Amino acid sequence: MTARAALALRYLLLLLVLLLVIGPFLWQLSTSLKGPGEDVFTATPHLLPEHPTLRNYATVAETVPVWTYAANSVAVAALAVFGNVVGCTLAGYALAKLRFRGARLVLGLILATLVLPGEATLVSQYVTVRSLGLADTLTGVALPGALAMLNVLLMRTAFAAVPPELDQAALVDGAGVWQRLWHVGLPNVRGMLSVVVIFTFIGAWDDFLWPLIVLNDPQKYTLTVGLQYLNGTFSANPRLIAAGTMIAFLPIVLVFAVCQRFFFRGVEEGAVKG
């Protein structure tokens, strides 16, 4: 195979992957912009709406309190991101840079928790949240995801990749643990920290099962749970469902756009050590 043919095959495969990834998103966007007179289920689908309209988005806001649900989701995601940024940073730094008895045992227990699927701990999580008096609260929704063990391992990997000579130089200068963490550790793991922020936000924002279990008051529903009202028992408008899906999807795009500069740096920090 010549170099030109190999390059053409590479671009063809990339185009195929792009269509598989972007295609459903473009179709949902197109459906959300179609008017009531356009057939969504036509045998020859049209990606571009004949008469594009934003009325479906206004109807979603009229049908369900979408902005209240969005605010609830923002609150849950903010609590989860804050807990993971602070807790996973401290835990990851301790496991990577500090020497204490039982460090390997703690690391082994963290790895063991990753073996269990999330559904296996739902009952125990709910019992714990209810015993703390946090049932039917946004804090109770955010609490189980406020410290993810996978994020602890990611931060440990990032801190372990920081050259130990930097810590030794700071130690010679009289820097304490908190000073080394703040001035030496954190500036070198900003990329991985952005990975933790993005993954935590997406996980908290898209979570459906756990908020559905914890919350009883419809006014406290998160966006993913509240949008289920758009799918009626006897009828469902695919245009409204698509518009609701786009409303729930746009904040994820915004967060990724803000953090993408550090995201790929964080992926490199997790893949290349030393």
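Phe25 is partly exposed, with a relative accessible area of 29% (buried is under 20%, exposed over 50%, partly exposed in between, using a 1.4 Å probe and protein chains only). Keep Phe25 in mind for Exercise 2. The model is predicted, so local features need pLDDT of at least 70 and side-chain atom pairs pLDDT 80 or more, while totals for chains, interfaces and linings use all residues. Residues are numbered from 1 along each chain as its sequence is written, and side-chain values use heavy atoms, without hydrogens or water.

## Exercise 1: the overall picture

Task: work out how many helices and strands the protein has, and what share of its residues is buried.

Solution. Start with secondary structure, as DSSP runs numbered from the N terminus (helices are H or I with at least four residues, strands are E with at least two). The protein comes out with 13 helices and 0 strands. Next, take the extent: along the principal axes, the C-alpha atoms fill a box of roughly 75 × 65 × 30 Å. Then count burial: of the 274 residues, 34% are buried. Finally, look at contacts (heavy atoms within 4.5 Å). Of those between residues at least 6 apart in sequence, 74% join residues at least 24 apart.

## Exercise 2: aromatic pairs

Task: find how many aromatic pairs there are, then describe the geometry of Phe25 with Phe249 and of Tyr69 with Tyr221.

Solution. Apply the ring rule (centres of Phe, Tyr or Trp six-membered rings within 6.5 Å; planes under 30 degrees apart are stacked, over 60 edge-to-face, the rest tilted). That gives 5 aromatic pairs. For Phe25 and Phe249, the centres are 5.1 Å apart and the planes sit at 50 degrees, so this pair is tilted. Now place the partners: Phe25 is in helix 1 (residues 3–32) and Phe249 in helix 13 (residues 238–271), so the pair ties together parts 224 residues apart in sequence.

On to the tyrosines. The ring centres of Tyr69 and Tyr221 are 6.4 Å apart with planes at 40 degrees, so this pair is tilted. Tyr69 belongs to helix 3 (residues 66–97), while Tyr221 sits in the loop between helix 11 (209–214) and helix 12 (223–226), 152 residues apart. Both Tyr69 and Tyr221 are buried.

## Exercise 3: salt bridges

Task: list the salt bridges in the whole structure and say whether Asp167 is buried or exposed.

Solution. Set the cutoff (a side-chain nitrogen of Lys or Arg within 4 Å of a carboxyl oxygen of Asp or Glu). The search finds 2. One is Arg55 with Glu62, where the closest N and O atoms are 3.2 Å apart. Arg55 is partly exposed at 46%, whereas Glu62 is exposed at 54%. Lys97 with Asp167 is another, at 3.4 Å between the closest N and O atoms. Lys97 lies in helix 3 and Asp167 in helix 8 (residues 164–172), so this pair ties together parts 70 residues apart in sequence. Asp167 counts as buried, at 11% relative accessibility.

## Exercise 4: a backbone check

Task: find where Asp136 lies and what its phi is near.

Solution. Asp136 is in the loop between helix 5 (122–131) and helix 6 (138–142). Its phi is near 60 degrees, a positive value in a residue other than glycine. At 18% relative accessible area, Asp136 is buried.
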